Amino acid sequence: MTAVIVTADRALAPSFADTSGPDRARGPTAVLAEGGAIIRVGDPDEVAADPRAAGARRIAWPGRAMVPGTVNTHNHSFQSLLRGIGDDLPFLVWRDQALYRYSPRLGADDMATAALFAFGEMLLHGVTTVCDFYYLNRQSNDNAQATIEAARRLGIRIVLARCFYDWTGAPEAYRETVPQAVAHFEALARRYHDRARFLVTVQPAPHSQHGASPAMIEAGAGCARDAGVPWHIHLAEEQYQVDQSLARFGARPLHAVAALPVDLSQMIAVHGCWFDAGERALLAERGGSLAYCPGSNMFLGDGVTDLVDLVARGVRVGLGTDGGCSNNRVSVFDEMRTAALLQKVHRTDGQAIDAETCFELGTGRGGDLLGLPVGRLAPG
Ligand SMILES: [Zn+2]
């Protein structure tokens, strides 16, 4: 198998001796990879002397810094075709005029086009792992498979978060019964799970409290438990969703979900803009995670997630761009910057959160959240 050595004048990497520590700025650094996987990171002379480096192809990046690929923990690739259609609208009008109007017209070929467009642009912005929260399933796996194949063609690592959706107010193309959703999830997971390189992973994603009934949420979380993978759910994005949860379940969003027989330690909540202190404490206590999408939250005027508090409580947080029609950008570097600026202005405190933390959320911690060994320049 061909080995390759990449050398750069600077790097952000954990200690060569103990890779469990934080990333640090380093001087000249070399990465030795074999079969596309990193097997050693270290000082250029030492790496070059490694017997496994004999005959390796050499790539030199003088005058540059080498950093890990970023991890986009929340996206909807099909929305790249709807970019610009939903600008400057309130949330529910955006949903009806952009999403609900166009999604019923899209088939598997359109999904492939949308995915090539979204993932190609992400790669140009340094995203090497994307979680695609996939709810336009049309009671089959054809669209999801077209999306996975597009990711494979481009060489981006994908987590296909296959949606569980049964709310009758949404387009029929989103909806399934509980047994249909379970059967489709299991078939897709069987077909694609790559436990060696994690290039394709399938995880369940009950859409939200409004998009999935309690039985559907329980089914999605059950599939996650059986497969030993995380599950994803949009929660408390807009204030009206908190009001709806209080009216329907007599509890705020996270408390209502926690009352179901589900494992919150495997849950990745998406957004959480309106989580109150009690919900943030519960998320930390149960070991739950958050996919934070500050660009999309600002675009739609959703609200401000208390990221600083969640990080202080030890909640695992990753960054996401969300879909193309609720952000118009797909760069995780952009989300690092947006996260920092939004938190600083919200707290009127220029030291609310630092660059190192935001960088980590967009790289290694995003990988931890998805259960993948990615987001750091380290062996494996
Ligand atoms: Zn979303």
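User: How are α4 and α5 oriented relative to each other?
Analyst: In this predicted model, the axes of helix α4 (residues 142-154) and α5 come within 12 Å and cross at roughly 25°. Angles under 35 degrees count as roughly parallel, and therefore the orientation of α4 and α5 is roughly parallel.

User: Which residues of α5 make the contact with α4, and how many charged residues does this contact have?
Analyst: On the side of α4, the contact is made by Ala144, Gln145, Ile148, Glu149 and Arg152, while α5 contributes Leu188, Arg191 and Tyr192. Sorted by class, the contact of α4 with α5 has four nonpolar residues and one polar residue, and its charged residues number three.

User: What is the handedness of the crossing where α5 passes α6?
Analyst: Helix α5 (residues 178-192) and helix α6 (residues 214-227) pack with their axes 10 Å apart, at an angle of about 20°. These two helices, α5 and α6, are therefore roughly parallel to each other, and the crossing in which α5 passes α6 is right-handed.

User: How many nonpolar residues does the contact of α5 with α6 have?
Analyst: From α5, Val178, Ala181, Val182 and Phe185 meet Ala215, Met216, Ala219 and Cys223 in α6. By class, this contact of α5 with α6 has no polar and no charged residues, and the number of nonpolar residues is eight.

User: How many residues does the largest nonpolar core have?
Analyst: The residues with the most contacts inside this core are Phe78, Leu99, Phe119, Tyr174, Trp231 and Met267. Another core, of eleven residues, lies apart from it and includes Ala8, Val31, Ile38 and Met66. For the largest nonpolar core, the number of residues is 99.

How values were computed. Residues numbered from 1 in each chain as written. Predicted model: local features only at pLDDT ≥ 70, side-chain atom pairs only at ≥ 80, totals over all residues. Heavy atoms only, no water. Axes fitted to C-alpha atoms, helices over the stretch in contact; angles between N-to-C directions. Helix = DSSP H or I, 4+ residues; strand = E, 2+ residues; numbered from the N terminus. Parallel < 35°, antiparallel > 145°, perpendicular 65-115°, else oblique. Left-handed = near helix turned anticlockwise from the far one by under 90°. Contact = heavy atoms within 4.5 Å. Nonpolar A, V, L, I, M, F, W, Y, C, P; charged D, E, K, R; others polar. Core = buried A, V, L, I, M, F, W, Y, C linked by side-chain atoms within 4.5 Å. Buried < 20%, exposed > 50% of the residue type's maximum accessible area, 1.4 Å probe, protein only.
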